[in-house]
Amino acid sequence: GPQTSVFIVDMAKELDQERRQSALNIEEVTNMLDGGRSNTDERRKLYKVMFDDPVLGQEDSYFLSSEEAFKRSVQNGVYMIRKCHHLNVAEDEKKAIVKNVMNRSAFAVHTIMFIPAIEGQGTAEQQKKWLPLAYSYQIIGAYAQTELGHGTNLRGLETVATYDPTTQEFVLNTPTLTATKWWPGALGHVATHAVVVARLVTLGHDHGIHPFIVQVRSLEDHTPLPGIRVGDIGPKFGMFEVDNGFLQLDNVRIPRDHMLMKYAQVAQNGVYTKPPVERIAYGPMIEVRSGIVTHSAQVLSKAVTIAVRYSIVRRQGQETVSGPETQVLDYQTQQYKLLPLLSVAYALYMASLYMSKLFQTCQSEMAGGAFQSLAELHATSAGLKAFSSELSSQGIEVCRLACGGHGYSLASGIPYLYVNFVAA
């Protein structure tokens, strides 16, 4: 049989040796990336809530079918909701849990998009009506913007909400096949309601896209309501835990006050009052774009960490009398692949901090009726979202290839990162 190497590699010991050679204070760097020591402590506390709970274990996650992964996601989501309620977790902390440790949950869109849309676009009366239901999960929401025929070009969306002043209702329709809402998470199976982005038509005039709250399924038996065709879009490249869905509307009527009217209004007689800034309707998607910049940094960081650690413990080359085979990380070609990506990951983190600060500044201005930073936020978030997601997608693949054949195994963690991130 093959000769057993006399050099037994203690992988944990080798990783520890590499860490001790660094001149950086790891805790200080961690605190910087988290935005302060208190944020680090809070993040670790949230992670502990997640990963120390045996019910939420992920040991067999790579062996689940897409159906099993979605079922597990729903079960874990319900469990976490109940756990947060039992621990009296505040709404902001609950959102942090979803963003940091449950971002692929079946309920993530409800927390990250549906609720913020109501918070940011709804009047005080609308928030009073809808938010308690959403916070308590009496209703579960999706955000239905993207259509089969249009994604980035929001001006081209075809779904129409026509105001009927005789009944004080909006009549919603997806008049063409390409108007079908396509891809919204939670819409496939979970959602009972959706914020539907549609063209507002009143008194014969098209006023562009506006958000409307539409109930899509019964609260009694979860069946689709009359005039609504809704379901799952089918198999995907990844994101098996999320039920991306489709939605078609056929003369679906909703009350006038189901249009989110914090900035734009339609009076009972159909008279339209335009918002102070047209792009204000893009608010929920701008928040998501900002989050994608942060997520890009996080995902690339994970991939680089896996690849660098693997390159330390993986040895390849001719053994010598003085020691074992060479660490893969000591090869210049491997360094050329991975070290620039490590730098990119840090750069993306810095960009994400700027993006978050700009978003918070704009939110504060808007709360006071000012919109001077909105155009910059819109442009910056769109550009950084595209740029950061491209860098991370390409970087993850480089990390996978840098791990050789083992990088192709789901057990490495890298393929899972790739197929779930490239959707961004």
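1. Which side chain meets that of Arg20 in a salt bridge? Asp16 does, at 2.9 Å from N to O. This is a predicted model. Both residues lie in helix H1 (residues 11-20), four residues apart, or about one turn of the helix. Arg20 is exposed, at 58% relative accessible area. Asp16 is partly exposed, at 35%.

2. Salt bridges come to 13 in the count. One of them joins the side chains of Glu147 and Lys181, 3.0 Å from N to O. This pair links distant parts of the chain, 34 residues apart. Glu147 sits in the loop between strand E1 (141-144) and strand E2 (160-164), and Lys181 in strand E4. Glu147 is buried, at 3% relative accessibility. Lys181 is also buried, at 0%.

3. Asp164 forms a salt bridge with Arg253, with the closest N and O atoms 3.2 Å apart. Asp164 belongs to strand E2 and Arg253 to strand E9 (residues 252-255), 89 residues apart. Asp164 is buried, at 16% relative accessible area, whereas Arg253 is partly exposed, at 44%. Shared partners join Asp164, Glu169 and Arg253 into one salt-bridge network.

4. Now the sheet. It is open, with three strands in the order E4-E8-E7 and antiparallel pairing. Strands E4 (181-182) and E7 (228-232) are at the edges with a single partner strand each, so one side of each has no neighbour in the sheet. Five bridges join E7 to E8 (residues 245-249). Ile228 has Leu249 in E8 as its bridge partner.

5. Helices H2 (residues 26-34) and H9 (residues 332-367) pack at about 40°, with axes 10 Å apart. They are therefore oblique to each other. Val29, Met32 and Leu33 in H2 meet Tyr346, Tyr349, Met350 and Leu353 in H9. The contact has seven nonpolar residues, no polar and no charged.

Methods: Residues are numbered from 1 along each chain as its sequence is written. This is a predicted model: local features need pLDDT of at least 70, side-chain atom pairs count only at pLDDT 80 or more; totals for chains, interfaces and linings use all residues. Side-chain values use heavy atoms; hydrogens and water are left out. Axes are lines fitted to C-alpha atoms, for helices over the stretch in contact, and angles run from 0 to 180 degrees between N-to-C directions. Helices (H or I, at least four residues) and strands (E, at least two) are DSSP runs, numbered from the N terminus. Angles under 35 degrees count as roughly parallel, over 145 as roughly antiparallel, 65 to 115 as roughly perpendicular and the rest as oblique. Contact means heavy atoms within 4.5 Å. Ala, Val, Leu, Ile, Met, Phe, Trp, Tyr, Cys and Pro count as nonpolar, Asp, Glu, Lys and Arg as charged, and the others, Gly among them, as polar. Two strands pair if DSSP finds at least two bridges between them. A salt bridge is a side-chain nitrogen of Lys or Arg within 4 Å of a carboxyl oxygen of Asp or Glu. Buried means under 20% relative accessible area, exposed over 50%, partly exposed in between (1.4 Å probe, protein chains only).
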